[in-house]
Each structure stands twice: as C-alpha cells, then as structure tokens.
Amino acid sequence: MADTTTAHEQRATNRGPGRLLIAVYIVFAIAATSRAGLQIATKFDEAPVAYLLSALAALIYIVAAVGLARAGHTGRRVALACCTVELVGVLGVGVLSIADKELFPDETVWSDFGSGYGYVPLVLPVLGLFWLWRTRRDPA
Amino acid sequence: MNDTVSTTSAAAASPVDGPLATVAIVISLALAVWALVAAVRHRPPDRIQFAGLAVLEVALLALTVTALVALGGGERPGEPGAFFGYLATLVCLPPLAWVLARMEPTRWGSGIVCAICLVTPVVAVRLQQTWEVLGG
C-alpha cells in the first residue's frame, strides 16, 4: 500500500491515511461542537451532565485533530492523550449509560458506545491509537 | 432517534425533505462510489470529484435557503437544537472534503472524498428526522 512513500512520510501522522483520519475527526469535532453548543445555549438545565460531556467530547475531537495534523513530537503526545481519553470515555460512558439510564437522560456522543453515531466514536480512538503506533519513531 | 415518526404523514410538508434533498443525497452517494473506485485504483482526487463536491455544496446551500425560508414563514423544526446543529455540519462537509483532498493528492485524498460523501447523506437524513419530530 505505502510502497512508494519514503520512510519520512510514513512517520508523519498527517499524511496519507492519517489525513483521512483527521478528516473524520474534524467531522466529529464540527458535529459535536455545534450540537453541544446549541444544547448548552438553549436547554442546559434539562441534562447538564450529558451536555457538558458532549462539549468535552467535542473539545477532545478538536484537540485530537489538531494533534494529528501538527504531527511533531508534541502533536503525537497530544493525539495519544486525546485518543486514550476518548477510548476510556466511550467505554466508560457506554457502560454507565447502559447500567444507569437516568445518569444520562439525553443522548451524548458516547452513550451506548456511540451507537447513535454508527459506533464511529468507539472505532475512531482505536484507529487513532493504531495510526500513532504505525507511525511511531523507532524503526519497526 | 425515533425512526417511526418519519413515516407519519401528520407533519406539514418538510422543507428539507423534498426533491432537493433527494438530489443532494444521490449526488453524494454517486460521488462516494466514484471516489472509492479512484481510491482503490490508487488515483488521487480528479476533476470530477472536485466538480462533484462543488455541485453538492450548491445543492446543500439551496437546501439551507429552503429551510431558512420555511423558518421565516413561521414553520419550526421538531428539534431546533439538533436541526441547526445538523444543518451547520451539513454545509461544512463538502468544503472540508475539498480542502483536505487538495492537501492530499494521493489515493487517500480520494478516500477523504469518499468518507465525507458517505457521511453527508447520513447527516441529511438526520436533518430530516429532526424537522419531523413534532409531526408525530
């Protein structure tokens, strides 16, 4: 697949498949931000926990996209932290939202393991971590 | 969310559920297939993909205008918060694909166009659902 790319290009997180991953992250950042923003602005009192969580998820998607796009050493660390938090978040909220429905009266991006978004929120951090591992610095 | 409401006919004609939305969804899906073929064949995004994205954006902007005209006429979506969230997301998608595909002149650029063009119909359908919630 990457037979024609150089070693340098393979290590950059913002090239090739990485750019596709960034594209999906940006889509989720836009979707989550606009949704959380409007929910907080119009009906925050109904489900503050759920809306704050949506806003947090939105923020993490934005930072992860920036981290992957910036590529450098710091960018990778930021992306690694974001993907880890995302994975923990989607698994944690997924379990909690099934165990205790009343905890999240309104849907968040991460409720039911992201089933409302085609489980993409669950797959995305795994792909992100895999991509960071594939492009790691030390020679494979 | 509630998939059954979209089948009820109680709602007044939805501004986002007309031929325009159907055209946008069809263009998007056709473009996704075209871009997928290009990605599989190791081809960077071609002129057809960029032209397709431009046409798709025009269709989505026309859809937005239709929705805003209906809002101006006193009609209201069933779930205003989600509706405007999806609408804002929808019009951002083709420009996003355009910019990223320009930055990535490889097969993965075609992959980006394909992915975004698969997301667009989903967002369009969700937009229709959030308008019609009150109709049930």
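1. Two residues are in contact here if their C-beta atoms, placed from the backbone, lie within 7 Å. The structure is a predicted model. On that criterion, and leaving aside neighbours within four places in sequence, B:L100 is in contact with A:R19, A:A23 and B:I112. The list therefore includes residues of chain A as well as one of chain B.

2. B:L100 sits in helix α3 of chain B, residues 80-103. It counts as buried because 22 C-beta neighbours lie inside 10 Å, and the cut-off for that class is 20 or more. As a distance check, B:L100 and B:V40 are 60 residues apart in sequence, with their C-alpha atoms 18 Å apart in space.

3. Chain B holds four helices and zero strands, in the order α-α-α-α along the sequence. Of its 136 residues, 45% count as buried. Among contacts in chain B with a separation of 6 or more, 86% come from residues 24 or more positions apart.

4. Helix α1 of chain B covers residues 19-40, and its 22 residues should span 32 Å at 1.5 Å a residue. The end C-alpha atoms are 31 Å apart, which agrees with that expectation. Just after α1(B), B:H42 has a positive phi of about 60 degrees.

5. Which residues of α1(B) are buried? They are B:A21, B:A24, B:I27, B:S28, B:L31, B:A32, B:A35, B:A38 and B:A39. Seen down the helix axis, these buried residues fall within an arc of 140 degrees, so they line one face of α1(B). They pack against α2 (47-72) and α4 (107-132) of chain B.

6. The other side of α1(B) has exposed residues: B:P19, B:T22, B:V26, B:V33, B:V37 and B:V40.

7. The contact between the chains takes 16 residues from chain A and 19 residues from chain B. On the chain A side, the residues that touch chain B divide into nine nonpolar, four polar and three charged.

8. In chain A, helix α2 runs over residues 17-43. At 1.5 Å a residue, its 27 residues should span 39 Å, and the end C-alpha atoms are 38 Å apart, in agreement. Of these 27 residues, 21 are buried, so α2(A) is largely enclosed by the rest of the structure.

Note on methods. Residues are numbered from 1 along each chain as its sequence is written. Chains are lettered from A and ligands numbered from 1 in the order in which they are written. This is a predicted model: local features need pLDDT of at least 70, side-chain atom pairs count only at pLDDT 80 or more; totals for chains, interfaces and linings use all residues. Helices (H or I, at least four residues) and strands (E, at least two) are DSSP runs, numbered from the N terminus. The expected span of a helix is 1.5 Å times one less than its number of residues. A residue is buried if 20 or more other C-beta atoms lie within 10 Å of its own, exposed if 12 or fewer, and partly exposed in between; C-beta atoms are placed from the backbone. The arc is that of the directions from the helix axis to the C-beta atoms. Ala, Val, Leu, Ile, Met, Phe, Trp, Tyr, Cys and Pro count as nonpolar, Asp, Glu, Lys and Arg as charged, and the others, Gly among them, as polar.
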